[in-house]
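Have the coordinates open as you read.

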Amino acid sequence: MHCAIKWIIPISFLAFPHFVVAQSNNMVGQIVAADIYDSELSVNKGSLEGLRNSLDRNSIYFKPAPEPAFDYFRTRPNIPDSISWHPVLAKIAKSNEWGFTTGPINWQNEGFGKKYGEYLTVWKRDRRGKWKIALRAEIEHPNPSKEESIKFVNPANEKYFKQHSDVRLDQREDIVRSTDRLMGTILMADNAVAYKEFLGDNARMLFAGYAPQIGKENIFNFLKTNKIEIKTENIEVDRSYSGELAYSYGSAKVIKNNRVENFYYIRIWELNDDFKWNVIVEMLFEK
């Protein structure tokens with residue numbers, strides 16, 4: 001795994017009128033390497049070292065409520081004796097300052113059995129060029145992940161429109177917020193219609209207590225088989241500078257077998273070639 005650190009490639013930016021092009025052969029390798037490095041640090045130097053390594057004052061952890069990561073680790077040192085993870089899916093924005101990783105994770109306390117789950121991390125580059133965790137959440141499920149495929153995605157086209165106005169940047173976030181709220185409105189009426197409209201074909205659902213569901217049809221079947229209905233209410237959004245990747249999170253009501261449970265949700269959104277926002281990752285876990 002240590003060889004992954006060699007994937008870090010210097011990035012240069014060539015400015016053009018109205019557009020920026022990021023020059024790199026493997027931009028996504030940077031966040032993959034940062035993610036793997038933190039996991040290896042956790043294994044070799046202790047859980048706390050690995051979990052705190054890429055934090056800054058803006059990092060948010062869901063434990064299970066969203067809270068400043070610095071505060072969480074300062075006041076709640078009860079973390080597993082050992083923890084490790086590795087990414088199986090990673091994407092990075094054209095602007096090379098925003099991306100995410102997700103994959104299997106396992107924990108263990110001395111004298112107890114190993115626990116398994118999935119993690120989701122959103123990464124943002126700070127002003128010094130270092131990758132920091134913007135948001136991180138984890139779910140638990142009973143068995144080790146059997147997923148073997150790995151997909152680390154660089155932008156197909158590194159050209160994007162450069163925004164000069166903070167007002168315009170805020171407006172672009174409002175578009176994501178409105179889209180997430182629209183999905184929530186449709187979910188109130190009909191889950192099948194909402195997920196058909198907003199899920200990407202290769203989307204993955206990370207639902208606490210279950211193995212990852214990958215692909216739109218598998219997600220449909222999972223929700224139908226387990227008689228799960230989901231209602232969501234947005235709290236926060238964030239969007240990459242280049243604009244094609246974003247996240248949203250908020251509160252959810254999960255109805256299963258006529259029982260209502262309170263959850264949080266996180267969604268990773270991607271703007272497709274037809275300028276339509278699709279959910280490519282959705283994570284749901286109990287409050």
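## Ground rules

This is a predicted model, so local features need pLDDT of at least 70, side-chain atom pairs count only at pLDDT 80 or more, and totals for chains, interfaces and linings use all residues. Residues are numbered from 1 along each chain as its sequence is written, and side-chain values use heavy atoms, with hydrogens and water left out.

Helices (H or I, at least four residues) and strands (E, at least two) are DSSP runs, numbered from the N terminus.

## The α4/α5 pair

Start with α4 (residues 166–189) and α5 (residues 191–198): their axes come within 6 Å and cross at roughly 150 degrees. Axes here are lines fitted to C-alpha atoms, for helices over the stretch in contact, with angles running from 0 to 180 degrees between N-to-C directions. The two helices are therefore roughly antiparallel, a label for angles over 145 degrees.

On the α4 side, the contact (heavy atoms within 4.5 Å) uses Thr179, Leu182, Met183, Ile186, Leu187 and Ala189, and these meet Asn191, Val193, Ala194, Tyr195 and Phe198 of α5. By type, that's 9 nonpolar, 2 polar and no charged residues; Ala, Val, Leu, Ile, Met, Phe, Trp, Tyr, Cys and Pro count as nonpolar, Asp, Glu, Lys and Arg as charged, and the others, Gly among them, as polar.

Valine 193 belongs to α5 and, at 45% relative accessibility, counts as partly exposed. (Buried is under 20% relative accessible area, exposed over 50%, partly exposed in between, with a 1.4 Å probe and protein chains only.) Valine 193 lies 9.5 Å from methionine 183, C-alpha to C-alpha, and 10 residues away in sequence.

## α6, a helix with two sides

In α6 (residues 216–225), Lys216, Ile219, Phe222 and Leu223 are buried. Viewed down the axis, they fall within an arc of 125 degrees, so they line one face; the arc uses directions from the helix axis to the C-beta atoms. Glu217, Lys224 and Thr225 are exposed on the face turned away from the buried side.

Cover for those buried residues includes α5, β12 (199–207), β13 (213–214) and β14 (228–239). After α6 comes lysine 227, with a positive phi near 50 degrees.

## Two cores

A nonpolar core is a set of buried Ala, Val, Leu, Ile, Met, Phe, Trp, Tyr and Cys residues joined through side-chain atoms within 4.5 Å. The largest has 25 residues, and those with the most contacts inside it include Tyr195, Phe207, Leu223 and Trp269. β12 gives the largest share, 4 residues. A second, separate core of 23 residues includes Val28, Ala34, Ile83 and Tyr119.

Note on methods:
Parallel < 35°, antiparallel > 145°, perpendicular 65-115°, else oblique.
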